[in-house]
Amino acid sequence: VIDHHPPGNGCSADTAWVQPDMAATAQMLAVMLREWHGAIPGAAATALLVGILMDTGGFRFSNTDAAALRQAAALINDGADYAAAVNALFFNEPLACRRLAARVLEAAEFAHDRRLAYAVVTPEMLQELEVAPGDTEGLIDTLRCIEGVEIACLIQPEPDQVRLSLRSQNPELPVNGIAAELGGGGHALAAGARLPNTTAEQASRRLLAMAGKLLHGH
Ligand SMILES: [Mn+2]
């Protein structure tokens, strides 16, 4: 296993390189390939750059550090196509996804002095706009980018579970504790959980209570 995610529910691999201080698993692969190979061929360099861009939100998330930027620079040196990667990742969203973002913004609920923003993404919304349930990556940024919001959450009911995505804008408010308490895991500022046999309403209520405890401590 090569992963930059902290092992939430334990890691049972015989060989594991887990380094949560790396911004992206792709960054770890680049380090490894560079040690084996020296320069990384252009197509592979672009793929790894895409991985780093994805995990750092285009170098906007707080996991963006000098090492990630240096590795990205080295990949560009190796022939990675930065413009193509950025355009494909960030300036190429299907219209349906933008419309879904608009719906999420309209459906957003705020609590705890507007420091918490959350929204339920219903199967009906996805169906109506013809968005696949897995195509909601980045949707949560619609909420987290709002002024004053410190914790953002998307609640996605699915046939036999409710998916919860959590983001924090404040390192003093780590959300992986909430995720872990709900049986999930992740990073301090980006975490998630899957709640079996729950309704969106129940999940919302649990979120409100847990986020409240976290927010009122700070
Ligand atoms: Mn990651």
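Please keep in mind that this is a predicted model. Let me begin with helices α2 and α3, which are roughly antiparallel to each other, because the angle at which they pack is about 155° and angles over 145 degrees count as roughly antiparallel. Their axes lie 9 Å apart, and the crossing of α2 and α3 is left-handed.

Which residues in α2 meet α3? On the α2 side they are A45, L48, L49 and I52, and on the α3 side their partners are A68, Q71, A72, L75 and I76. Sorted by class, this contact of α2 with α3 has 8 nonpolar residues and 1 polar residue, with no charged ones.

To place these helices in the sequence, α2 covers residues 42-55, while α3 covers residues 66-77.

Now let us turn to the metal. Which residues coordinate the manganese ion? They are H4 and H5, each through its NE2 atom, together with D55 through OD, at 2.3 to 2.5 Å. Along the chain, these donors follow the spacing H-H-x49-D. H5 sits in the loop between β1 (2-3) and β2 (17-18), whereas D55 belongs to helix α2, so this pair ties together parts that are 50 residues apart in sequence.

Technical notes: Residues are numbered from 1 along each chain as its sequence is written. This is a predicted model: local features need pLDDT of at least 70, side-chain atom pairs count only at pLDDT 80 or more; totals for chains, interfaces and linings use all residues. Side-chain values use heavy atoms; hydrogens and water are left out. Donors are N, O and S atoms within 2.8 Å of the metal (3.2 Å for Na, K and Ca); water is not among the atoms, so sites may look incomplete. Helices (H or I, at least four residues) and strands (E, at least two) are DSSP runs, numbered from the N terminus. Axes are lines fitted to C-alpha atoms, for helices over the stretch in contact, and angles run from 0 to 180 degrees between N-to-C directions. Angles under 35 degrees count as roughly parallel, over 145 as roughly antiparallel, 65 to 115 as roughly perpendicular and the rest as oblique. A crossing is left-handed if the near helix is turned anticlockwise from the far one by less than a right angle, and right-handed if clockwise. Contact means heavy atoms within 4.5 Å. Ala, Val, Leu, Ile, Met, Phe, Trp, Tyr, Cys and Pro count as nonpolar, Asp, Glu, Lys and Arg as charged, and the others, Gly among them, as polar.
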